[in-house]
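Here are my notes on this one, as numbered points you can read with the model open. Have a look at the chain first, then work down the list.

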Amino acid sequence: MLHALRSQLCDRPVLASAPALLDYLQADMVHSINERARVLHLNAGNILIRDEIMAEGSIDEVALYAREIIGRALEIGSAAIILVHNHPSGDPTPSRSDIDLTKRIARAGQPLGIAVHDHLIIASGGHRSMRTLGLL
């Protein structure tokens with residue numbers, strides 16, 4: 001099922017396929033008992049070039065570092081990224097540390113030409129987009 005959902009994202013702009021993206025992420029991440037963070041790497045046309053798990057954590061936190069995320073985006077040649085992590089608690093509300101980290105990553109990528117399009121939080125209680133919430 002994950003393969004079928006992911007195939008709907010290939011070869012088309014990810015931002016234009018938001019419902020398909022959310023279906024894929026929900027199916028893959030909502031039932032995880034630990035927090036997991038991934039980065040979706042996009043080319044200049046916003047086509048998905050890589051989907052990587054960057055870190056796995058505990059039941060209520062995952063360690064992410066702006067340096068590692070932006071460094072990896074440079075290695076891959078990403079023009080933009082979408083950050084994604086899950087909240088096993090079921091509440092998709094971003095924490096203060098989620099917001100702060102997102103802003104640090106966006107600031108670090110800006111002078112290097114790497115845009116942070118969004119940071120999505122996936123949970124059994126739904127999902128939240130930091131872009132939609134005005135936090136990015």
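This is a predicted model: local features need pLDDT of at least 70, side-chain atom pairs count only at pLDDT 80 or more; totals for chains, interfaces and linings use all residues.

1. A quick word on terms first: accessible areas here come from the Shrake-Rupley method with a 1.4 Å probe, and for residues only the protein chains shown count as cover. On that basis the chain exposes about 6900 Å², and carbon and sulfur atoms supply 52% of it.

2. Residues are numbered from 1 along each chain as its sequence is written, and side-chain values use heavy atoms, with hydrogens and water left out.

3. On the overall layout, the chain has 4 helices and 5 strands (DSSP runs numbered from the N terminus, helices being H or I of at least four residues and strands E of at least two). Reading from the N terminus, the order is α-α-β-β-α-β-α-β-β. Of the 136 residues, 46% count as buried; buried means under 20% relative accessible area, exposed over 50%, and partly exposed in between (1.4 Å probe, protein chains only). As for contacts (heavy atoms within 4.5 Å), take those between residues at least 6 apart in sequence: 64% of them join residues at least 24 apart.

4. Which residues touch the most other members of the largest nonpolar core? They are Leu64, Ile69, Ile81, Leu83 and Ile105, out of 15 residues in that core. By nonpolar core I mean a set of buried Ala, Val, Leu, Ile, Met, Phe, Trp, Tyr and Cys residues joined through side-chain atoms within 4.5 Å. At least two residues each come from β1 (36-42), α3 (66-76), β3 (80-86) and α4 (96-109). The largest share, 4 residues, is from α3. A separate core of 14 residues lies apart from this one, with Val30, Leu40, Leu48 and Ala80 among its members.

5. If you skip its neighbours within four places in sequence, Leu83 is in contact with Arg38, Val39, Ile69, Thr102, Ile105, Val116, Asp118, His119 and Leu120. Now follow Thr102, which is found in helix α4. Thr102 counts as buried because its relative accessibility is 0%. With the neighbours within four places again left out, Thr102 is in contact with Leu83, His119, Met130 and Leu136.

6. What is the volume of the largest pocket? About 200 Å³, where grid points are joined across faces, edges and corners and the volume is the space filled by probe spheres set on the points. A pocket here is an open set of points on a 1 Å grid over the protein atoms alone, where a 1.4 Å probe fits, with protein on both sides within 12 Å along at least five of seven lines; lining residues have an atom within 4 Å of a point. There are 13 lining residues, and Glu35, Glu61, Val62, Ser97 and Asp98 are the closest to the pocket's centre. Helix α4 gives the most to the lining, with 3 residues. The lining divides into 4 nonpolar, 5 polar and 4 charged residues (Ala, Val, Leu, Ile, Met, Phe, Trp, Tyr, Cys and Pro count as nonpolar, Asp, Glu, Lys and Arg as charged, and the others, Gly among them, as polar).

7. The loop between β1 and β2 (48-56) holds Ala44. Ala44 counts as exposed because its relative accessible area is 73%. Its C-alpha atom is 7.3 Å from that of Ala80, 36 residues away along the chain. Asn46 is found in the loop between β1 and β2 as well. Most residues other than glycine have a negative phi. Asn46 has a positive one, near 60°.

8. Two more spots for the surface list. Arg67, in helix α3, is exposed at 76% relative accessibility, and its C-alpha is 7.8 Å from that of Ala108, 41 residues apart in sequence. His31 sits in the loop between α2 (18-29) and β1 and is exposed, with a relative accessible area of 70%. His31 and Pro88 are 57 residues apart in sequence, but 7.4 Å apart C-alpha to C-alpha.
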